Amino acid sequence: MTTQHWEIATDAAEVHALLCASDQHQGRRFGSPVPARNPATTESRVRAGVVHLLRADDRAAAMFTLTWHPAFEPPTGVFPEAHTPAYLSRLAVHPSLGNSLAGPQCLRRAVSIARESGADALRAEANPDLESTVDVMVLLGFTRCGPIFGGGGSPRRTYLHHPLG
């Protein structure tokens, strides 16, 4: 039986390895570009205590970052009004977990923590080519905002908003 627990990540190298492995897996799976991740950014987010890590049998299984400021530059006016939005980024699941529920667990946990922390909305930027991820987000209460942005040499992006009120 697998034992799971949540923790605030403390090992930036472990987090960065999980993030990169997940990105590479998703890139192969959906034929989309793999983002270039900066280890210094991972280190700063781990140091800030904003990376939530799901452990399964003492190994890093899944993670997400939850902040009060976007890690991306949303297009002006793309999101509906919110007074205290939180921002979800760097959602990653270890490739060996395949079609597990780790992704939805991360999303439910992020919604719960954001709500408990006083956010009235949870926002995210996602690659629309990762269809199953975006579909799960929509099933769990996120709505797509605006058109798909990018393409033609720049990364494609979609923006998602989950009202928490």
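Where is Ala36 found? In this predicted model, Ala36 lies in the loop between helix 1 and helix 2. Ala36 is exposed, because its relative accessible area of 81% is over the 50% cut-off. Along the chain, Ala36 and Cys20 are 16 residues apart, and their C-alpha atoms are 8.5 Å apart in space.

An open sheet is formed by 7 strands in the order 1-2-3-4-5-7-6, with mixed pairing. Strand 1 (4-8) and strand 6 (143-151) each have a single partner strand and stand at the edges, so one side of each is left without a neighbour in the sheet. On average, neighbouring strands of this sheet are turned by 25° against each other, direction ignored. Strands of a sheet pair through backbone hydrogen bonds, either parallel or antiparallel.

Two of the pairings are described here in detail. Strand 3 (residues 59-67) and strand 4 (residues 85-93) run antiparallel and are joined by 5 bridges. Within this pairing, Leu66 stands opposite Leu88 in strand 4. Helix 3 (residues 102-116) packs on the sheet, where it touches strand 1, strand 2 (51-56), strand 3, strand 4, strand 5 (121-126) and strand 7 (154-163). The direction of helix 3 makes about 35° with that of strand 3. Helix 4 (residues 131-139) also packs on the sheet, in contact with strand 4, strand 5, strand 6 and strand 7. The direction of helix 4 makes about 15° with that of strand 7.

Strand 6 and strand 7 run antiparallel, and 5 bridges join them. Thr143 stands opposite His161 in strand 7. The hairpin of strand 6 and strand 7 has 2 residues between the strands, and in this hairpin Gly152 takes a positive phi near 60°.

Positive phi values were also found at two residues other than glycine. Most residues other than glycine have a negative phi. Asp58, in the loop between strand 2 and strand 3, has a phi near 65°. Asp58 is exposed, because its relative accessible area of 65% is over 50%. Arg90 is found in strand 4 and has a positive phi of about 50°. Arg90 counts as buried, because its relative accessibility of 9% is under 20%.

The nonpolar interior was considered next. In soluble globular proteins, nonpolar side chains tend to be buried together. The largest nonpolar core of the model has 23 residues, of which Phe64, Leu66, Leu88, Ala114, Leu122, Met137 and Phe142 touch the most other members. Strand 3, strand 4, helix 3, strand 5 and helix 4 are the elements that give two or more residues to this core. Helix 3 provides the largest share, 7 residues. Leaving aside neighbours within four places in sequence, the contacts of Phe64 are Trp6, Val50, Val51, His52, Leu88, Ser89, Arg90, Leu91, Cys106, Arg109, Ala110 and Ile113. A second, separate core has 11 residues, including Ala9, Ala12, Leu18 and Leu53.

Val111 is placed in helix 3. Val111 counts as buried, because its relative accessibility of 11% is under the 20% cut-off. Not counting residues up to four places away in sequence, Val111 touches Leu122, Phe142, His162 and Leu164. Val111 and Pro163 are 52 residues apart in sequence, and the distance between them in space is 9.5 Å, C-alpha to C-alpha.

The largest pocket holds about 1100 Å³ of space. A total of 43 residues line the largest pocket, and Asp23, Arg37, Leu91, Leu130 and Thr133 are the closest to its centre. At least two residues of the lining come from each of helix 1 (12-30), helix 2 (39-48), strand 4, helix 3, strand 5, helix 4 and strand 7.

The loop between helix 2 and strand 2 contains Gly49. Gly49 counts as partly exposed, because its relative accessibility of 32% lies between the cut-offs of 20% and 50%. Gly49 and Ala61 are 12 residues apart along the chain, and 18 Å separates their C-alpha atoms.

Definitions and conventions:
Residues are numbered from 1 along each chain as its sequence is written. This is a predicted model: local features need pLDDT of at least 70, side-chain atom pairs count only at pLDDT 80 or more; totals for chains, interfaces and linings use all residues. Side-chain values use heavy atoms; hydrogens and water are left out. Two strands pair if DSSP finds at least two bridges between them. Helices (H or I, at least four residues) and strands (E, at least two) are DSSP runs, numbered from the N terminus. Axes are lines fitted to C-alpha atoms, for helices over the stretch in contact, and angles run from 0 to 180 degrees between N-to-C directions. Contact means heavy atoms within 4.5 Å. A nonpolar core is a set of buried Ala, Val, Leu, Ile, Met, Phe, Trp, Tyr and Cys residues joined through side-chain atoms within 4.5 Å. Buried means under 20% relative accessible area, exposed over 50%, partly exposed in between (1.4 Å probe, protein chains only). On a 1 Å grid over the protein atoms alone, a cavity is a set of points where a 1.4 Å probe fits but cannot get out, and a pocket is an open set with protein on both sides within 12 Å along at least five of seven lines; lining residues have an atom within 4 Å of a point. Grid points are joined across faces, edges and corners, and a volume is the space filled by probe spheres set on the points.
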